[in-house]
Amino acid sequence: LNEQWKKYISSLFAISCINLSKDKGGVEVAYSSTDASITNFMNINNGVSIDYSFAKVGVDVTIEVVLDEDGFVIKIPVNKIKENANFGIVNIELMPFFAATNNNSDGYIFYPDGCGAIMHFKDTKEQPNYVKLYKSYIFSQENVDISGFMEMERNRKYNAMFPVYGMKNGDNAFLAIATKGEEDAAICVY
């Protein structure tokens with residue numbers, strides 16, 4: 001893997017920021033594994049709270065991971081996100097390679113394409129080498145204009161009917177559910 005992919009794969013999350021001081025500034029991606037430093041680590045009830053500082057773009061993000069009786073819950077408290085005057089967060093991609101596997105595994109991915117779709121890992125062998133990302137927004141489809149600097153258009157044909165996705169790999173499986181913040185969330189499948 002090249003250095004970019006190594007950073008991406010080893011990150012708990014990645015942030016995409018836009019430089020607000022530049023007219024039509026491009027998006028910069030920063031990775032928690034290499035572009036951030038942990039400034040605080042605190043035990044919370046049944047979990048941990050980790051503060052990350054991305055010095056290059058002047059953005060701070062807190063991630064909370066809690067174990068409960070059904071699994072684990074990951075939160076990004078919006079009141080603990082700090083952006084400097086020059087950079088603003090456009091996107092946070094949480095656990096981008098969670099449960100990644102290869103196409104020799106016995107299992108499948110469940111994702112919210114319409115009322116739900118299943119993609120068996122073995123079927124990926126027949127797909128082209130460069131498969132596009134499936135991105136499904138949970139709620140509203142809209143044009144977003146960030147102070148005239150960047151326009152993001154969401155395609156109406158990709159609309160998650162349920163805020164869930166999951167995976168089965170051999171005898172192991174999980175189901176993930178977006179329960180808060182789903183109005184701004186999307187589910188991505190590679």
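Q: Hi! Which strands form the open sheet, and in what order?
A: Four of them, in the order β10-β9-β14-β15, with antiparallel pairing. Bear in mind that this is a predicted model.

Q: Which strands stand at the edges there?
A: Those are β10 (117-120) and β15 (172-177). Each has a single partner strand, so one side of each is left without a neighbour in the sheet.

Q: And by how much are neighbouring strands turned against each other?
A: On average by 10°, with direction ignored.

Q: Nice. How many bridges are there between β9 and β14?
A: Four bridges, in the antiparallel sense, between β9 (residues 107-111) and β14 (residues 164-169). If you want a place to look, Gly107 stands opposite Asn169 in β14.

Q: Let's zoom out. How many helices and strands does the protein chain have?
A: The chain has one helix and 16 strands.

Q: What share of the residues counts as buried?
A: That would be 31% of the 190 residues. As for the surface, the protein chain exposes about 12200 Å², and carbon and sulfur atoms supply 51% of that area.

Q: OK, on to the cores. Which residues of the largest nonpolar core touch the most other members?
A: Phe13, Ile15, Tyr52, Phe54, Val57, Val59 and Val61, out of 16 residues in that core. The elements giving two or more residues to this core are β1 (13-19), β4 (47-54) and β5 (59-68).

Q: Which element gives the most?
A: β4 does, with four residues.

Q: What does Ile15 touch?
A: Leaving aside residues up to four places away in sequence, Ile15 touches Glu28, Val29, Ala30, Phe54, Val57, Val59, Val61, Asn91 and Ile92. There is also another core apart from the largest one: it has eight residues, among them Ala117, Phe121, Met167 and Val189.

Q: Back to β1 for a moment. Why is β1 largely enclosed by the rest of the structure?
A: Seven of the seven residues of β1 are buried, so the strand is largely enclosed.

Q: Which of its residues point which way?
A: Phe13, Ile15, Cys17 and Asn19 point one way from β1, while Ala14, Ser16 and Ile18 point the other way. Both sets are buried.

Q: What does β1 pair with, then?
A: One partner is β8 (residues 87-94), paired with β1 in the antiparallel sense over seven bridges. Another is β2 (residues 27-31), which is joined to β1 by five bridges and also runs antiparallel to it.

Q: Where does Cys17 sit in those pairings?
A: Cys17 stands opposite Ile89 in β8, and it stands opposite Glu28 in β2.

Q: Last topic: where is the place of Lys56?
A: Lys56 is in the loop between β4 and β5.

Q: Buried or exposed?
A: Lys56 counts as exposed because its relative accessibility is 67%, and the cut-off for exposed is over 50%.

Q: What does Lys56 touch?
A: Glu28 and Phe87, not counting residues up to four places away in sequence.

Note on methods. Residues are numbered from 1 along each chain as its sequence is written. This is a predicted model: local features need pLDDT of at least 70, side-chain atom pairs count only at pLDDT 80 or more; totals for chains, interfaces and linings use all residues. Side-chain values use heavy atoms; hydrogens and water are left out. Two strands pair if DSSP finds at least two bridges between them. Axes are lines fitted to C-alpha atoms, for helices over the stretch in contact, and angles run from 0 to 180 degrees between N-to-C directions. Buried means under 20% relative accessible area, exposed over 50%, partly exposed in between (1.4 Å probe, protein chains only). Accessible areas come from the Shrake-Rupley method with a 1.4 Å probe; for residues, only the protein chains shown count as cover. A nonpolar core is a set of buried Ala, Val, Leu, Ile, Met, Phe, Trp, Tyr and Cys residues joined through side-chain atoms within 4.5 Å. Contact means heavy atoms within 4.5 Å.
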